[in-house]
Amino acid sequence: MDRIDLKILDELQRDARLSVVEISRRVGLTKTPCAERIRRLEKSGVIRGYHAELDPEAMDVSHVVMVQVLLTSTTAQDLKRFNEGARKIPEIESCHMIAGDFDYLLKVRTRDIAAYRQVMGDKISELPCVRQTHTYVVMEVVKDAHTLPI
């Protein structure tokens with residue numbers, strides 16, 4: 001990737017609805033080479049998709065908690081089973097394997113604390129090998145970027 005590819009990616013991260021004509025104007029290319037670069041970035045997997053950013057308040061899912069998860073076993077098979085289960089729970093917005101005192105850190109988004117308790121009791125605590133969880137309620141979201149630094 002060269003600096004023009006990076007400029008294209010930066011523009012698309014800011015607004016994926018920009019036309020190829022507008023992107024090409026912003027990065028200093030004509031339409032055809034810009035479109036070819038975008039197709040190449042898509043084909044190579046650098047651009048994995050295009051998404052709408054939804055307002056959590058409008059969607060009634062503004063309650064956020066972070067959950068530390070400690071497993072009973074961390075064999076490759078058990079980690080795979082946990083990962084597959086976590087991917088199936090729509091309320092889990094992100095799931096990260098962590099090195100340290102616990103195994104995973106989850107970001108969970110629900111309507112309110114009652115809905116979270118139900119997700120915790122019916123889904124998260126039922127994931128394979130869950131030994132213990134610790135929940136931290138988010139008081140305020142200061143930054144929640146969905147872009148990569150370029």
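Modeller: Let's start at Asp5, which counts as buried with a relative accessible area of 2%. Here buried means under 20% relative accessible area, exposed means over 50%, and partly exposed is what lies in between, using a 1.4 Å probe and protein chains only. Before we go on, please keep in mind that this is a predicted model, where local features need pLDDT of at least 70, side-chain atom pairs count only at pLDDT 80 or more, and totals for chains, interfaces and linings use all residues. Residues are numbered from 1 along each chain as its sequence is written, and side-chain values use heavy atoms, with hydrogens and water left out.

Now for the partner of Asp5. Arg37 is buried too, at 18% relative accessible area. The two side chains meet in a salt bridge, with N and O 2.8 Å apart. Because Arg37 sits in helix α3 and Asp5 in helix α1 (residues 3–14), this pair ties together parts that are 32 residues apart in sequence. A salt bridge here is a side-chain nitrogen of Lys or Arg within 4 Å of a carboxyl oxygen of Asp or Glu. Helices (H or I, at least four residues) and strands (E, at least two) are DSSP runs, numbered from the N terminus. In general, side chains of opposite charge can pair when their charged atoms come close. Across the whole structure, a search finds 14 salt bridges.

A second pair stays within one helix. Arg25 and Glu22 form a salt bridge at 2.6 Å, N to O. They are three residues apart in helix α2 (residues 20–27), so about one helical turn separates them. Arg25 is exposed, with a relative accessible area of 57%.

The closest N and O atoms of Lys107 and Asp144 are 2.7 Å apart in their salt bridge. Lys107 belongs to strand β3 and Asp144 to the segment after β4 (130–137), so parts 37 residues apart in sequence are tied together. Lys107 is buried at 11% relative accessible area, whereas Asp144 is partly exposed at 32%.

Strand β3 (residues 104–110) pairs with strand β2 (residues 92–97) in the antiparallel sense, over five bridges; two strands pair if DSSP finds at least two bridges between them. Cys95 stands opposite Leu106 in β3. Six residues lie between the two strands, and in this hairpin Gly100 takes a positive phi near 150°.

Positive phi values turn up in residues other than glycine as well. One of them is Asp60, with phi near 60°, in the loop between α3 (31–43) and β1 (63–71). Another is Cys129, at about 70°, in the loop between α5 and β4. Cys129 is buried at 16% relative accessible area, while Asp60 is partly exposed at 42%.

Asp60 leads us to the surface, where it gathers with Glu53, Asp55 and Glu57 in a patch of negative charge. Patches are made of residues with over 30% relative accessible area and no salt bridge, joining like charges within 9 Å and nonpolar side chains (Val, Leu, Ile, Met, Phe, Trp, Tyr) within 5 Å. Lys and Arg count as positive and Asp and Glu as negative, with His and the chain ends not counted; each charge is placed at NZ of Lys, CZ of Arg, CG of Asp or CD of Glu. Asp55 is partly exposed at 44%.

The loop between α3 and β1 also holds Val46, partly exposed at 39%. Together with Met1, Leu6 and Ile150, Val46 makes a nonpolar surface patch of about 380 Å², an area that comes from the Shrake-Rupley method with a 1.4 Å probe; for residues, only the protein chains shown count as cover.

Val46 and Asp112 are 66 residues apart in sequence and 36 Å apart in space, C-alpha to C-alpha. Ala115 and Val61 are 54 residues apart in sequence and 9.6 Å apart in space, again C-alpha to C-alpha. Ala115 lies in helix α5 (residues 113–122) and counts as buried, at 10% relative accessibility.
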